Each structure stands twice: as C-alpha cells, then as structure tokens.
Amino acid sequence: MLAIVSVGRSRARPNAPDTASIWTFGEVKAINNLDQLAALVIRERDTLLSRWREQVRKLPSARHLDTPTLNDHIPAFFEELAQALRTRSEETIQDAVCEGTPPAHGLQRAQDGFDIVEVVAEYNILRECIHDIADANKLTLQGRSFHIVNRVLDGAIGSAVKTYATQKALEVQRRREEYLSFVAHDLRTPLSAISLAASVLEVKHAGEDPGSSSARMVKTLRRNVQHLGALVNKVLEENTNLQTEVGVKLERRDFDLWPLVESLVHDIHPVAGTDSTRLVNTIPEDLVVFADAGLLKRVFQNLIANAIKYTPRGEVVISARRMDTGYECAVRDNGEGIAPDRIDKVFDHFETDPNKQGGMGLGLAIVKTFVEAHGGAVSVESAVGVGSTFTFTLPPK
C-alpha cells in the first residue's frame with residue numbers, strides 16, 4: 001500500500017516513530033476532502049442559506065417570518081460546522097447530542113410558534129442542502145466527513161428540541177398560574193359583597209342572644225368569608241412574579257348585554273352601598289353582542305369594581321352601543337380620577353395605586369388581556385377630581 005510520511009503531524013498512527021506520522025493515500029485524500037468541504041460551506045454560505053430558506057418557507061409556521069428571524073443562528077451554525085470539519089473532530093453523535101449547541105434556535109422557534117416537528121424538519125432540510133451542494137462540487141460525503149456533518153447537525157437538533165420543549169413547558173406553567181391568579185382576583189368582588197352583607201347581618205342581630213341560631217350562623221358566615229379571603233390573597237401573593245399574558249380560549253356566542261350587566265350590578269350593589277355610590281346601567285335592552293359572555297362579565301366586573309373604589313360617593317354609569325366597526329362599551333364615574341403620571345401604566349401587570357391599600361395590580365390587566373383576546377382595544381380618559389371613563393371595543397360578528 002502506498003504510504004506518505006508527514007513530519008510533524010499531530011495525529012500519530014499506532015506503532016509509528018515519534019518524529020513522523022505515516023498516512024495512507026486514502027487518509028490524505030479524506031483529510032483534503034474535509035478541508036475542501038469546510039471551505040465550501042463558508043464560501044457557499046449565502047447560497048446554502050437561500051436554498052434552505054426557500055424550502056423552509058414551505059413549513060406552515062415559517063411563511064410569515066422575515067429573513068433575519070428565519071435565519072436566526074443558522075449563519076453562525078455554518079462556522080461551527082466548518083470548524084468541526086477543519087479540526088477533524090473525533091466527537092461521536094452521542095457526545096454531540098449530550099453537549100448540544102447554543103439553545104438560541106429552539107427558543108426562537110418556540111417564540112415563532114413552530115411545531116416541534118418543524119424544528120427538526122428545518123435542520124434536516126439544511127442537511128439535504130449541504131449534501132446537494134457538496135455533490136454539485138464533486139465532494140463526496142462519506143466516511144469521516146459524513147459522520148462529522150451528521151454529528152454537528154444531530155447535536156444542533158438535540159439542543160434545539162430540548163430548549164423548545166423546555167420553553168413550551170414553562171409557557172404552559174406560566175399560563176396556568178396566571179389564569180389561577182386572574183380567577184382568584186375575580187373572586188374578590190363577590191367575596192367583598194358577601195362580607196358586606198355579613199356585616200349588615202351582624203349589625204342587625206347585634207342585640208340577640210349570642211347563642212341563638214341566627215347569631216351563630218352570622219358568625220359562621222363571617223369566619224368562612226375571612227377564610228376564603230385569606231386563601232384568595234395567598235394565591236395572589238404566590239403568583240406576583242408572573243410576567244406573561246394568559247392564553248385565553250374564547251367561546252363566542254350572541255347574547256343580550258343588558259341582562260348580563262344588570263345581574264352584575266345587582267350582585268355588586270352591596271359593595272357600592274345603598275346610599276353612597278349609585279350604579280346605573282344605560283345599555284339598550286335590545287343590544288345583542290357577539291363575545292365570550294363569561295370573559296365579558298369579568299371585564300365589566302373589574303371595571304365597575306375599580307370605578308367604585310375611586311367613587312366612594314357618586315355615580316358609576318355603564319353604557320354600550322353598536323357601531324359600524326363593532327361595539328363600544330364604557331364605564332364612567334365621577335370619582336377621584338387618575339393622576340397624569342399613572343394613566344399610561346394603569347393596564348400594566350401589578351401596577352397599583354400607592355394611595356390605595358390591598359390592590360394587587362391585576363384588575364385592569366385582566367380587562368386588557370380579555371378585551372385584546374377578543375380582538376378589541378381598551379383605553380381610559382381621566383381627570384383628577386372629575387372622574388374617569390374606561391372604554392373598550394369589541395369587533396363585529
């Protein structure tokens with residue numbers, strides 16, 4: 001067999017002299033093939049990217065992406081592949097999968113809305129593009145070059161899939177926890193009404209025998225309301241680190257808006273008080289909207305409760321009207337109003353009024369989330385000492 005002596009080579013063959021490495025002609029050819037392939041990947045990087053993008057854009061989740069977002073870290077990946085070819089890496093596919101590459105790609109694709117199958121597919125498309133361009137330049141991918149290319153690509157796939165799956169799991173957890181916080185927050189308003197009703201009953205039965213059945217029932221009611229309030233507060237406090245918006249599933253249908261708001265006004269009325277804050281429902285009785293009734297009720301509930309908080313004595317008016325672009329709903333009060341430096345922040349998560357105690361900063365964030373889930377928008381106009389008007393829109397059917 002033909003042999004070549006290469007003095008000073010770092011790769012020693014078994015039983016070879018310390019001063020030289022003996023390479024077969026086949027090995028030298030394979031080494032040259034690796035170097036040529038590494039140079040080809042860098043030289044034809046733009047062509048590879050263009051061919052890869054053309055095919056990846058056929059994936060459903062990639063159709064709307066601009067070029068920089070679609071490229072993501074793939075240009076840098078070519079440098080990684082070329083380096084592995086130049087250094088004749090001995091790493092196995094198993095090693096590559098364990099080590100992986102930077103997880104940026106999996107994170108980006110989770111944000112882009114890719115399915116995990118699409119994440120794997122775009123790397124296999126890249127594998128095919130590399131094979132095609134090597135073949136077009138008469139470079140054979142076999143032996144060491146075949147293993148290195150597959151090892152780098154499989155390592156990237158493993159890293160991207162792991163990061164993607166982790167990100168999706170975190171999103172599910174955050175959404176579940178935030179939904180729990182939203183529900184717990186919404187429980188506060190009916191709990192406040194029950195608590196106030198219990199207080200009225202306590203005053204009414206104050207002169208009765210403490211051992212009477214009615215007195216015991218009132219005390220039991222008060223104790224359980226306090227317990228529920230504590231549980232709700234605990235849920236809210238344990239989820240104050242939430243930063244993402246909850247994924248909302250809508251169940252739209254046609255329904256009359258006036259009775260929905262009227263029943264809510266009736267339920268909330270004890271919170272407002274019989275003589276302090278007046279609640280007025282001016283929504284036309286024949287107005288039919290197309291929305292998720294449960295979510296819309298929670299939107300009105302939070303807006304009305306917020307208005308009551310800032311209108312201890314005054315009037316809260318609820319209105320709605322049909323427009324060519326859909327529906328416009330509003331909750332107006334003549335209360336304290338909002339300071340100019342806070343008006344741009346009122347819909348932010350955990351934004352609370354420092355002058356008001358007990359708020360968690362979720363009520364108006366819930367309103368914004370649910371309205372935007374319908375495809376609408378919410379806004380506020382306010383003046384200190386005059387009052388505030390919160391307006392939101394809903395799209396037509």
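Helices here are DSSP runs of H or I with at least four residues, numbered from the N terminus. The model is predicted.

**Exercise 1.** State where Ile194 lies, classify its accessibility and name the surface patch that holds it.

Solution. 
- Step 1: Ile194 belongs to helix 8, residues 144–204.
- Step 2: The relative accessibility of Ile194 is 39%. Partly exposed covers the values between under 20% (buried) and over 50% (exposed), so Ile194 counts as partly exposed.

**Exercise 2.** Find how many aromatic pairs the whole structure has, then describe the pair of Phe77 and Tyr123.

Solution. 
- Step 1: The search of the whole structure gives 4 aromatic pairs.
- Step 2: Phe77 is in helix 4 (residues 74–86) and Tyr123 in helix 7 (residues 116–136); the pair links distant parts of the chain, 46 residues apart.
- Step 3: Phe77 is buried at 0% relative accessibility, and Tyr123 is buried at 1%.

**Exercise 3.** Classify the ring pair of Phe300 and Phe392 and locate both residues.

Solution. 
- Step 1: The ring centres of Phe300 and Phe392 are 5.3 Å apart with planes at 65 degrees, so the pair is edge-to-face.
- Step 2: Phe300 lies in helix 11 (residues 293–309) and Phe392 in strand 9 (residues 387–394), 92 residues apart.
- Step 3: Phe300 is buried, at 0%; Phe392 is buried, at 0%.

Methods
Residues are numbered from 1 along each chain as its sequence is written. This is a predicted model: local features need pLDDT of at least 70, side-chain atom pairs count only at pLDDT 80 or more; totals for chains, interfaces and linings use all residues. Side-chain values use heavy atoms; hydrogens and water are left out. Patches are made of residues with over 30% relative accessible area and no salt bridge: like charges are joined within 9 Å, nonpolar side chains (Val, Leu, Ile, Met, Phe, Trp, Tyr) within 5 Å. Accessible areas come from the Shrake-Rupley method with a 1.4 Å probe; for residues, only the protein chains shown count as cover. A salt bridge is a side-chain nitrogen of Lys or Arg within 4 Å of a carboxyl oxygen of Asp or Glu. Helices (H or I, at least four residues) and strands (E, at least two) are DSSP runs, numbered from the N terminus. Buried means under 20% relative accessible area, exposed over 50%, partly exposed in between (1.4 Å probe, protein chains only). Rings of Phe, Tyr and Trp (its six-membered ring) pair if their centres lie within 6.5 Å; planes under 30 degrees apart count as stacked, over 60 as edge-to-face and the rest as tilted.
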